[in-house]
Each structure stands twice: as structure tokens, then as C-alpha cells.
Amino acid sequence: MQTGVNKSNLSTSPAARAETVLHRLRRRYPRVRSQLTWNSPWELLVSTILAAQCTDTRVNAVTPRFFSRWPTIADLAQAEQSEVEEIIRSTGLYRNKTKNLIQSARKLVENYDAQVPSTMQDLLTLPGVARKTANIVLSHGFGRHEGIAVDTHVKRVSYRLGLTRSKDPGKIEHDLMPLFPRPAWGEINHLLVWFGREVCQARSPKCSQCILTDICPREGVVG
Ligand code: SF4
């Protein structure tokens with residue numbers, strides 16, 4: 001645990017703490033963006049589905065071949081399960097991911113004119129798409145902020161910083177939304193993910209190098 005840090009800011013409200021978090025993380029990561037490579041909402045949707053329990057680097061290694069083989073949603077709707085499985089195998093969970101991708105493509109062709117819809121309600125009708133994925137596609141693909149994507153990093157960092165008392169992603173999102181300005185909902189996801197990867201890591205948080213030590217109730221505590 002770092003010593004000599006002024007902990008008087010710990011008594012501030014979650015809203016005040018959230019303001020400090022946003023301000024400091026923006027300074028630390030001024031050009032924050034997704035590490036996934038994509039060029040359209042469809043590519044973002046596919047990459048986000050593939051990124052479940054997989055690194056962004058691994059996904060980026062797979063998607064060029066994927067989009068070269070199936071350039072459009074309509075192409076993927078007609079793909080063979082076995083061929084898709086072979087191409088995405090290294091991302092893990094490949095049987096489920098393949099099923100969800102092909103079924104999503106078919107649904108998009110049948111119901112959405114082979115376009116990715118831009119509402120939460122419509123996105124949630126796609127197989128394999130829950131709120132986290134839908135929030136990422138809406139925020140980063142369409143610039144629409146209907147919620148905050150809560151992944152493993154957002155979940156852990158929010159909890160440690162006392163922005164939520166829950167470990168349930170749905171409740172965490174509900175707690176975070178009023179704490180951050182709506183236009184920043186996509187950005188705060190990126191900021192917490194980057195910060196969680198680099199500093200507030202799961203097993204060994206780098207508290208001695210952390211710019212949020214003075215406001216963190218769980219400095220030096222893993223969990
Ligand atoms: Fe995470 Fe430690 Fe920083 Fe708290 S002080 S946010 S636990 S790295």
C-alpha cells in the first residue's frame with residue numbers, strides 16, 4: 001500500500017468520485033479508443049462477439065480472413081458452420097460464436113434489410129447479443145449512448161473505486177449511468193477498460209503507480 005497519500009477525498013460522494021475518475025483518466029488516456037479493428041457497425045458487432053473470453057489482439061488476427069471470406073452480412077448468412085468454426089477457432093468458444101454469428105446474420109437479412117439496427121431493443125433480438133455487446137455497438141458504432149458496457153474490467157474497477165457496491169453487471173450499469181454524463185458513457189467504458197488492463201489489474205493492481213489512490217477505498221486490496 002502506498003503511504004503518505006491524502007485520503008480525505010475518500011469521504012466524497014460516488015458522484016464526486018466519478019467526476020474525478022473521468023477527469024484523471026481522460027488526462028491519462030487522451031486518445032482512448034477500442035483496440036479492436038473494425039470499419040463498420042457490422043464489423044464491430046462481429047469483433048465484439050468474437051472478443052468474448054478472448055484478447056483483442058487475437059480477434060484482430062482473425063477478422064481480416066473472416067471479412068475477406070464473408071464481406072457482407074448476406075454472405076455470412078449463407079456460410080457453412082464448419083468453415084466459420086475453422087476460421088474463428090483460435091478465439092475460443094468457437095462453436096457457440098459461430099452459431100450466434102450465422103444466426104445473427106440470417107436475422108439481420110430477414111428482419112433488418114441486412115443492416116445492423118441502431119437501437120438497444122432491436123440489437124437485443126440478435127442471438128449472442130446481450131446489453132454489453134449492444135452498448136458497445138451503439139456507443140462506438142453509432143455514437144448512441146443508451147447505457148454503459150460493463151465488461152470484466154469495468155466491473156472490477158468500478159467496484160474497487162466504490163462507484164458501485166454490486167458485482168452484477170446489470171446493477172453496475174444501473175449504478176454507473178447516473179454518475180457519468182451521457183455523452184461520456186462510451187468513453188468511460190474505454191477509459192475503465194484501459195485503466196483496468198494497465199493499472200488496476202485483477203490479480204495485482206499497481207496501487208503504488210495509481211493516479212486514483214487518494215479516492216480509492218480499496219487501495220491495496222485485491223478483490
Ligand atoms: Fe485499483 Fe489500487 Fe488504483 Fe484502487 S488504488 S483503483 S485498487 S490500482
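Me: How do you know whether Phe66 is buried or exposed?
Reply: Phe66 has a relative accessible area of 0%. Buried means under 20%, exposed over 50%, and partly exposed in between, with a 1.4 Å probe and protein chains only, so Phe66 is buried. Before we go on: this is a predicted model, where local features need pLDDT of at least 70, side-chain atom pairs count only at pLDDT 80 or more, and totals for chains, interfaces and linings use all residues. Residues are numbered from 1 along each chain as its sequence is written, and side-chain values use heavy atoms, leaving out hydrogens and water.

Me: What makes Phe66 and Phe67 an aromatic pair, and which kind is it?
Reply: Rings of Phe, Tyr and Trp (its six-membered ring) pair if their centres lie within 6.5 Å; planes under 30 degrees apart are stacked, over 60 edge-to-face, the rest tilted. Phe66 and Phe67 are 5.3 Å apart centre to centre, with 80° between the planes, so they pair edge-to-face. Phe67 is buried too, at 11% relative accessible area.

Me: How many aromatic pairs are there in the whole structure?
Reply: A search finds three. Ring pairs also link Phe66, Phe67 and Trp70 into a cluster.

Me: What makes Arg28 and Glu198 a salt bridge?
Reply: The term needs a side-chain nitrogen of Lys or Arg within 4 Å of a carboxyl oxygen of Asp or Glu. Here the closest N and O atoms are 3.3 Å apart, so the pair qualifies. Arg28 lies in helix H1 (residues 14-28) and Glu198 in helix H11 (residues 185-198), so the bridge ties together parts that are 170 residues apart in sequence. A helix here is a DSSP run (H or I) of at least four residues, while a strand (E) needs at least two, and both are numbered from the N terminus.

Me: How exposed are Arg28 and Glu198?
Reply: Arg28 has 35% relative accessibility and Glu198 33%. Arg28 is therefore partly exposed, and so is Glu198.

Me: How many salt bridges are there?
Reply: Eight. One of them joins the side chains of Arg131 and Glu173, at 2.7 Å from N to O. Arg131 is in helix H8 (residues 131-142) and Glu173 in helix H10 (residues 169-176), so this pair ties together parts that are 42 residues apart in sequence. Arg131 is partly exposed at 34%, whereas Glu173, at 5%, is buried.

Me: What makes something a nonpolar core, and how many residues has the largest one?
Reply: A nonpolar core is a set of buried Ala, Val, Leu, Ile, Met, Phe, Trp, Tyr and Cys residues joined through side-chain atoms within 4.5 Å. The largest has 37 residues, and those with the most contacts inside it are Trp42, Phe66, Leu76 and Ile88. Helices that each supply at least two residues of this core include H2 (41-50), H4 (73-77) and H6 (94-111). H2 gives the largest share, six residues.

Me: Which residues does Trp42 touch?
Reply: Contact means heavy atoms within 4.5 Å. Setting aside residues up to four places away in sequence, Trp42 touches Phe67, Thr72, Ile73, Leu76, Leu101, Ala105, Leu108 and Val116.

Me: What stands out about the phi of Leu93?
Reply: Leu93 has a positive phi of about 45° although it is not a glycine. Leu93 sits in the loop between H5 and H6, and with a relative accessible area of 48% counts as partly exposed. Ala114 has a positive phi too, near 60°; its place is the loop between H6 and H7, and at 26% Ala114 is partly exposed.

Me: Where do the domain bounds come from, and how far apart are the centres of domain 1 and domain 2?
Reply: The bounds come from an automatic or database domain assignment. That assignment gives domain 1 (7-33 + 147-215) and domain 2 (41-115). Taken over C-alpha atoms, their centres are separated by 30 Å.
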